[in-house]
Amino acid sequence: MILHSIELNNWKQHASSRVTLDSNANVIYGPNETGKSTILEALSRGFFDRSSTNADAIKRIRPLTASGNVTSTVSIEFTIGETRFRVEKNFNLKKGTWLYRVSEHKNTLLSQDADADEQLIQLLDAS
């Protein structure tokens with residue numbers, strides 16, 4: 001698998017962030033408490049958690065500055081084999097998963113919600 005990018009919205013200290021990754025090597029660095037570990041957590045949750053989960057850990061990803069409930073979103077672009085994909089997951093207020101095949105000319109929705117969660121697990125060969 002090759003990771004291309006990760007986008008976070010309303011995710012702990014990331015109001016709106018995009019990290020573009022290099023296919024060879026990446027280093028995430030910065031001062032303490034600036035969101036480095038949060039990026040790794042979002043990758044894990046984006047790939048392996050179902051958007052429908054109500055776990056306490058998911059409730060804690062919303063920004064500390066948010067008043068009321070908000071939607072926390074992670075979007076990850078990656079390539080497996082020769083195919084490029086994008087998974088988008090919403091947690092908390094509005095929940096949902098969307099899995100797309102990405103091409104130069106258009107993005108094709110492959111599946112959404114529980115079906116997208118299942119297809120992603122199969123793509124990643126995870127259980």
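Leaving aside neighbours within four places in sequence, which residues is Ile 80 in contact with? The reply is in point 5, after some remarks on the model as a whole.

1. This is a predicted model, in which local features need pLDDT of at least 70 and side-chain atom pairs count only at pLDDT 80 or more, while totals for chains, interfaces and linings use all residues. Residues are numbered from 1 along each chain as its sequence is written, and side-chain values use heavy atoms, with hydrogens and water left out.

2. The chain holds three helices and six strands, where helices (H or I, at least four residues) and strands (E, at least two) are DSSP runs numbered from the N terminus. Their order along the sequence is β-β-α-α-β-β-β-β-α. The radius of gyration of the chain is 14 Å, which agrees with the value near 14 Å that a compact globule of 127 residues would have; the radius is taken over C-alpha atoms, and the globule rule is 2.2 Å times the number of residues to the power 0.38. Along the principal axes, the C-alpha atoms fill a box of roughly 40 × 30 × 30 Å.

3. Of the 127 residues, 39% count as buried, a class that means under 20% relative accessible area, with exposed over 50% and partly exposed in between (1.4 Å probe, protein chains only). The accessible surface comes to about 7,700 Å², of which 47% belongs to carbon and sulfur atoms. Among contacts (heavy atoms within 4.5 Å) between residues at least 6 apart in sequence, 48% join residues at least 24 apart.

4. Helix α3 spans residues 114–124, and its buried residues are Ala 116, Asp 117, Leu 120, Ile 121 and Leu 124. These cover an arc of only 140° around the axis, which puts them on the same side of α3; the arc is that of the directions from the helix axis to the C-beta atoms. On the other side of the helix, Ala 114, Asp 115 and Gln 122 are exposed. The elements that the buried residues of α3 pack against are α1 (36–48), β3 (71–80), β4 (83–92), β5 (96–102) and β6 (107–112). Just after the helix, Asp 125 takes a positive phi of about 55°.

5. Ile 80 is found in strand β3 and is partly exposed, with a relative accessible area of 23%. To return to the opening question, Ile 80 is in contact with Met 1, Phe 85, Leu 123 and Leu 124, once its neighbours within four places in sequence are left aside. For Leu 124, which stands 44 residues from Ile 80 along the chain, the separation between the two C-alpha atoms is 8.4 Å.

6. Arg 18 has its place in strand β2 (residues 14–20) and counts as partly exposed at 48% relative accessibility. Not counting residues up to four places away in sequence, Arg 18 touches Ser 5, Ile 6 and Glu 7. Of these, Ile 6 is twelve residues from Arg 18 in sequence, with the pair 5.8 Å apart in space, C-alpha to C-alpha.

7. Asn 107, in strand β6, is likewise partly exposed, its relative accessible area being 38%. Residues up to four places away in sequence again not counted, Asn 107 touches Arg 86, Tyr 100, Arg 101 and Val 102. Phe 91 lies 16 residues from Asn 107 along the chain, and their C-alpha atoms are separated by 22 Å.

Key. Accessible areas come from the Shrake-Rupley method with a 1.4 Å probe; for residues, only the protein chains shown count as cover.
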